[in-house]
Amino acid sequence: MAVRPFPALVTSALALALTALPLAGTASARPASSSCSARAIEAADPDGPDVAALCAALKGLPDRDATSALIRVGGKGSWHGAAGVRDIRSGAPALEDARFRAGSTTKIVTAAIVLQLAAEGRISLDGTMQHYLPGLLTDDFAPVTVRQLLNFTSGLQPGASLGDDVDTGYAHRFETLSPREVVAASVAKGPDPEHAPGEFQRYGNIHYTVLGLLIEKVTGDTYAHQAAVRIFRPLGMRHTSFPAGPDPRIHGPHNRGYDWIDGRLVDVTEWNMSDRFAAGDLISTTADMERLLVALFRGRVVPEPQLREMFTVPDVEGATMGAALERFELNGQVVWGKTGSRPGYHTVVAATRDLSRTVVYSVASTDAKGDGLAIAQRFAFPAFNR
């Protein structure tokens with residue numbers, strides 16, 4: 001990974017653009033005059049989110065770590081704010097209703113569809129891939145169940161990739177790698193040599209790529225259409241969709257995404273994400289993702305008892321995730337959530353189980369595939385300060 005210097009080493013055109021960013025004061029002034037005004041901070045509900053800390057996170061954007069940030073907090077007291085710029089060339093204020101690449105938060109959608117199919121009796125969580133997708137795995141593999149894919153204990157090894165990081169992937173950003181090719185590369189590596197299915201939790205896209213194929217096989221429909229008719233349309237998520245195949249664009253209003261590559265701040269907004277498929281190809285907005293989060297936790301997306309799978313961590317050493325959701329403890333509170341990262345965009349959705357606090361953000365991080373914890377600590381953790 002290349003060292004990511006600040007604008008002093010950026011090429012002259014981009015350096016001028018970054019130097020001009022203070023002229024985009026309206027972007028930083030907007031939250032200061034509304035959700036981050038002195039009056040708004042003083043009037044914040046003491047039982048609500050820590051508005052002062054959230055505003056401090058937004059202060060100074062754009063900076064070396066992010067060009068924009070959109071945050072929505074709900075539960076006991078609601079708050080939302082935005083800061084930064086839509087793009088570094090114009091310095092126009094960031095769009096609060098912008099669409100963005102939601103990365104691995106896509107897995108929440110995938111898990112929800114699989115659990116719906118289980119509730120409908122169309123699949124069994126204890127059923128195997130060898131049964132539902134015959135020929136996908138070789139005879140070298142022990143039975144791999146649907147539940148083990150959902151909770152990342154399948155023992156499948158990572159599949160094919162067009163680049164393990166932004167620096168190497170950038171040159172391949174308009175190439176296409178099909179889900180079948182991704183899975184074939186995983187199968188060619190053989191099963192995990194150290195752990196049988198169900199014995200060890202290892203997070204990775206491969207589990208949910210296979211689940212996407214399962215959804216298509218069982219329904220006889222495309223994964224994207226199933227997501228639309230089962231989740232997006234019923235919940236009114238009007239600005240959420242998947243790209244049409246290898247389409248590298250984000251359609252509709254959006255803030256540009258950037259990343260440091262070889263010492264230059266590069267626009268990485270256009271990128272073919274079709275290889276991420278059911279594991280990370282989603283495009284959405286913070287309002288739509290908040291809608292999904294609340295409906296899911298309230299049992300409006302997945303019925304009981306299947307919903308419990310999302311909040312059940314397998315009994316294996318070091319495990320932290322159920323079906324798509326990860327368990328955290330922040331300031332004595334148990335929080336369930338999911339992160340997502342794609343070049344130029346970092347996403348978080350998280351909530352307490354009783355929805356007393358929820359947070360969704362999209363940050364146009366200049367190192368979105370890097371230290372996600374640092375981004376979450378800055379923009380999400382303050383929502384759970386109290």
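**Notebook: sheet, disulfide, backbone and cavities**

I began with helix α14 (residues 372-379), which lies across β1, β9 and β10 and runs at about 125° to β10. I note here that the model is a predicted one.

**Entry: the sheet**

I next looked up the sheet that contains these strands. Six strands form an open sheet in the order β2-β1-β10-β9-β8-β7, with antiparallel pairing. I found β2 (79-84) and β7 (326-330) at the edges; each has a single partner strand, so one side of each is left without a neighbour in the sheet. From one strand to the next, the twist averages 20°.

I then took up the pairing of β9 (residues 345-352) with β10 (residues 357-365): the two run antiparallel and are joined by six bridges. Which residue of β10 stands opposite T347? I recorded S362 in that place. Helix α4 (residues 51-58) also packs on the sheet, where it touches β1 (66-75) and β2. The direction of α4 makes about 20° with that of β2.

**Entry: the disulfide**

I searched for cysteine pairs with sulfur atoms within 2.5 Å, and the count came to one disulfide. The bond joins C36 to C55, with an S to S distance of 2.0 Å. I noted -100° about the S-S bond, which makes the link of C36 and C55 left-handed. Where in the chain do C36 and C55 lie? C36 is in the loop between α2 (25-33) and α3 (38-42), and C55 is in helix α4. The pair, 19 residues apart, links distant parts of the chain.

**Entry: backbone exceptions**

The peptide bond from L61 to P62 is cis, with omega near 0°; P62 lies in the loop between α4 and β1. A cis peptide bond also joins E304 and P305, with omega about 5°. I placed P305 in the loop between α13 (286-297) and β7. F277, a residue other than glycine, has a positive phi near 45°, and belongs to helix α12 (residues 277-280).

**Entry: cavities**

How many cavities of 30 Å³ or more does the whole structure hold? My search found three. I recorded about 60 Å³ of space in the largest cavity. Its lining consists of F152, T153, G155, L156, D192, H195, A196, F200, R202 and H207. I divided the residues of this lining into four nonpolar, four polar and two charged.

How values were computed:
Residues numbered from 1 in each chain as written. Predicted model: local features only at pLDDT ≥ 70, side-chain atom pairs only at ≥ 80, totals over all residues. Heavy atoms only, no water. 1 Å grid on protein atoms, 1.4 Å probe; cavity = no way out; pocket = protein on both sides within 12 Å on 5 of 7 lines; lining within 4 Å. Points joined across faces, edges and corners; volume = space filled by probe spheres on them. Nonpolar A, V, L, I, M, F, W, Y, C, P; charged D, E, K, R; others polar. Pairing = 2+ DSSP bridges. Helix = DSSP H or I, 4+ residues; strand = E, 2+ residues; numbered from the N terminus. Axes fitted to C-alpha atoms, helices over the stretch in contact; angles between N-to-C directions. Contact = heavy atoms within 4.5 Å.
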